[in-house]
Amino acid sequence: MTFSKTRIVKKGFTLVELLVAMAITVILVSLVVVITGNALDAWRGARNEIRAARQAKIMLDSLGRDLESLVIRSNNNFEWLNVKSEIRDIGPEGKPSPNAASFIFLTGASDRYDGNVGDSLEDKGGDISAVGYKLEFLDPIFSSPDERYSTFVLYRNLVNPDQTFQGLLAVEDLDEAYSGSAGGSAQGKNFMCENIYEISVVFSVEFVDTSGDLQSVKVPVLGASGGVNAVSEFSIKGDIIKADGQDARYSKGRVVSVDLSITVLSDTGMRLIRQVPLDDPQKQAKFLSENSYNYSKTVLLPQP
């Protein structure tokens with residue numbers, strides 16, 4: 001009997017096969033990285049937009065409710081509403097907010113008396129409050145002006161009816177009276193929201209012209225940039241509308257609505273605004289298109 005040895009040969013991968021496998025692996029890993037990166041970018045974008053929309057809703061809903069309850073009395077020379085574009089720079093050094101309208105007016109706010117309306121201990125029976133809205137650039141925790149910790153912060157200051165009656169009701173200069181008694185530093189006021197980069201307002205006024213025809217005009221409150229019918233200060237004194245402290249051609253008219261517009265920076269935009277040069281309008285426009293969101297709301301005002 002004869003035995004023969006069978007030689008078993010183990011065949012491995014060739015260099016070409018290894019290279020092909022590595023190439024396929026690299027392609028698959030690259031695709032996974034790209035897809036994951038796109039998914040993360042989409043998630044961050046959605047997160048930023050949701051957060052910005054939440055900030056905008058808080059601000060627009062609150063200001064809208066207060067304006068819908070605007071209080072104006074006729075046959076007097078008292079100031080009931082004052083809106084102006086801040087002339088001081090609000091923002092990082094050299095990069096201020098393009099427009100920061102501040103509001104002071106009298107309103108029948110539903111949250112007067114710290115929300116304790118009807119409480120026999122808190123509610124003294126007053127129904128008219130003064131309210132102020134102001135944009136600041138500071139640390140919202142400690143109200144510090146240190147730019148390292150500062151952000152754009154919107155404050156709302158609601159003055160209870162008793163204080164309003166004592167010093168802010170029936171005054172000829174509401175802005176001056178408010179600033180002297182209740183509108184000092186932002187500290188102590190109610191923090192509303194942050195990252196509000198710009199606040200603009202446009203009043204819709206109806207009036208009868210000299211020929212007896214009913215006319216309507218849009219009056220934006222803007223800073224130095226100006227515009228058609230633009231003013232830096234808009235106020236209502238009794239039956240008279242004042243534009244930059246003077247009687248305008250529509251001074252005998254009535255304000256029927258207010259268009260509110262705000263620009264909210266994303267958290268990424270808020271971090272970048274200190275670093276990105278915005279020394280010309282094109283760079284600013286590009287920065288805002290990539291890092292901000294715009295929201296608007298029209299508020300119908302009560303009519304006498």
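Let's start with helix α5, whose buried residues pack against β6 (196-208), β11 (254-265), α4 (267-272) and β12 (292-300). Keep in mind as you look around that this is a predicted model.

Which residues do that packing? The helix spans residues 281-291, and its buried members are Phe287, Leu288 and Asn291. They sit on the same side of α5 because they cover an arc of only 95° around the axis. At the start of the helix, aspartate 280 reaches over with a side-chain oxygen to within 3.0 Å of the backbone nitrogen of glutamine 282.

Now hop to strand β11, where you'll find aspartate 259. Its side chain makes a polar contact with the side chain of lysine 218 at 3.0 Å, and another with the side chain of threonine 298 at 2.9 Å. Not counting residues up to four places away in sequence, aspartate 259 also touches others, including Ser200, Val201 and Lys297.

The largest nonpolar core has 55 residues, and Phe103, Phe203, Phe234 and Tyr250 have the most contacts inside it. Strand β6 gives the most to this core, with 7 residues. Take phenylalanine 103: leaving aside neighbours within four places in sequence, its contacts include Leu63, Val131, Tyr133, Ile199 and Leu260. There's also a second, separate core of 12 residues, with Val71, Val159, Val171 and Ala177 among them.

Conventions: Residues numbered from 1 in each chain as written. Predicted model: local features only at pLDDT ≥ 70, side-chain atom pairs only at ≥ 80, totals over all residues. Heavy atoms only, no water. Buried < 20%, exposed > 50% of the residue type's maximum accessible area, 1.4 Å probe, protein only. Helix = DSSP H or I, 4+ residues; strand = E, 2+ residues; numbered from the N terminus. Arc of directions from axis to C-beta. Contact = heavy atoms within 4.5 Å. Polar contact = N/O pair within 3.5 Å; in protein donor to acceptor, adjacent residues only side chain to side chain. Core = buried A, V, L, I, M, F, W, Y, C linked by side-chain atoms within 4.5 Å.
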